[in-house]
Amino acid sequence: MITLEPANVSLGASPASKEEAISLVASLLADSGHVDDAYRESMLGRERVANTYLGEGIAIPHGLLKDRDLIKRTGIAVAQVPHGLEWNPGEVVRLVVGIAATSDEHIQILSNLTQILADEEEVERLATTTDAGVVVERLSRAPASPSAPAHEAPDLASYASAELALPGASGLHARPATWFVDVAKQFSSDVRVRHRDRVANGKSVPALLSLGAGAGASVTVLTRGDDQDVALAALQKAVQGGLGEGEEEDPGPAAPAPVAAAWAPDGVATAVRGIAASPGIAIGPLWHLKRRRLVVERTARDPV
């Protein structure tokens, strides 16, 4: 497991921008011999094609997959930003956890982070402490008992399921977890993922990361709902396809294409094509566009 070193923790930082915060953790990693100086550009490049905001004031910037040769040894660095920094609109970060990993060694760090997300007091403690040892201890803590469920889950007996082996060399870390969630959210069915005795919500990135599933781990994907079979097939295909790990990361892989619904209009109509802003399900009122000829009378029928 990765050991976080006190020298790689910067307390009371006040970066003026997200780019400055990423440069700070990249410098910590480079100065401690974990990465080449060029890894900073790789981390910034990754941020341009993916959002590394994890939630609840924590971001996990890391480099592009193609730049793993810039990593000398796996490690992490933490920049504490007590007063907060806007990462993206509406997202304020107080802990920046920079990651340099060539394998799945950092999975336990991510698992610890997802446990912290659920505890506001713990986030506050880590974001304001003046003792680097507090941050080191919390992020390096030994794994919790695998028998503890990652999420309260319903009875899974009625779910459709498929047992799959995770592809790639890094397990279910942030990138493949995000890819999985993007596919799962295209369907209305409930989606769960089981690893050993832990069960997580398949539509939540933090929940999936809390499973601590490393490279080659066996997981069971479960779905229940009106479109459960289609959802299960799509998720199985996504996992077997690598969850985005085999794609070139610069400028980044295309988002998973949404599955077309089996629907056709009742009668003959002219289609009005829209432009999709992002993949997923759109919910809103349906307006029927009708064209009719407007006739303007030459003489008004009344004064109004």
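**Ground rules.** The model is predicted, so local features need pLDDT of at least 70 and side-chain atom pairs count only at pLDDT 80 or more, while totals for chains, interfaces and linings use all residues. Residues are numbered from 1 along each chain as its sequence is written, and side-chain values use heavy atoms, with hydrogens and water left out.

**Whole protein.** Show the cartoon. Eight helices and nine strands make up the secondary structure (DSSP runs numbered from the N terminus: helices are H or I, at least four residues; strands are E, at least two). Now show the surface. The accessible area is about 16,700 Å², and 51% of that belongs to carbon and sulfur atoms (Shrake-Rupley method, 1.4 Å probe). Of the 304 residues, 47% are buried (under 20% relative accessible area, 1.4 Å probe, protein chains only).

**Select D67.** D67 sits in the loop between β3 (58-59) and β4 (75-88). Its relative accessibility is 14%, so D67 counts as buried. D67 is in contact with both, leaving aside neighbours within four places in sequence (contact: heavy atoms within 4.5 Å).

**Select 132-139.** This is helix α5; six of its eight residues are buried, so the helix is largely enclosed by the rest of the structure. The buried ones are A132, V134, V135, V136, R138 and L139. Finish at the start of α5: a side-chain oxygen of D131 comes within 2.9 Å of the backbone nitrogen of G133.

Notes. Buried means under 20% relative accessible area, exposed over 50%, partly exposed in between (1.4 Å probe, protein chains only). A polar contact is a pair of N or O atoms within 3.5 Å; within protein, one must be able to donate a hydrogen and the other to accept it, and residues adjacent in sequence count only if both atoms are side-chain atoms.
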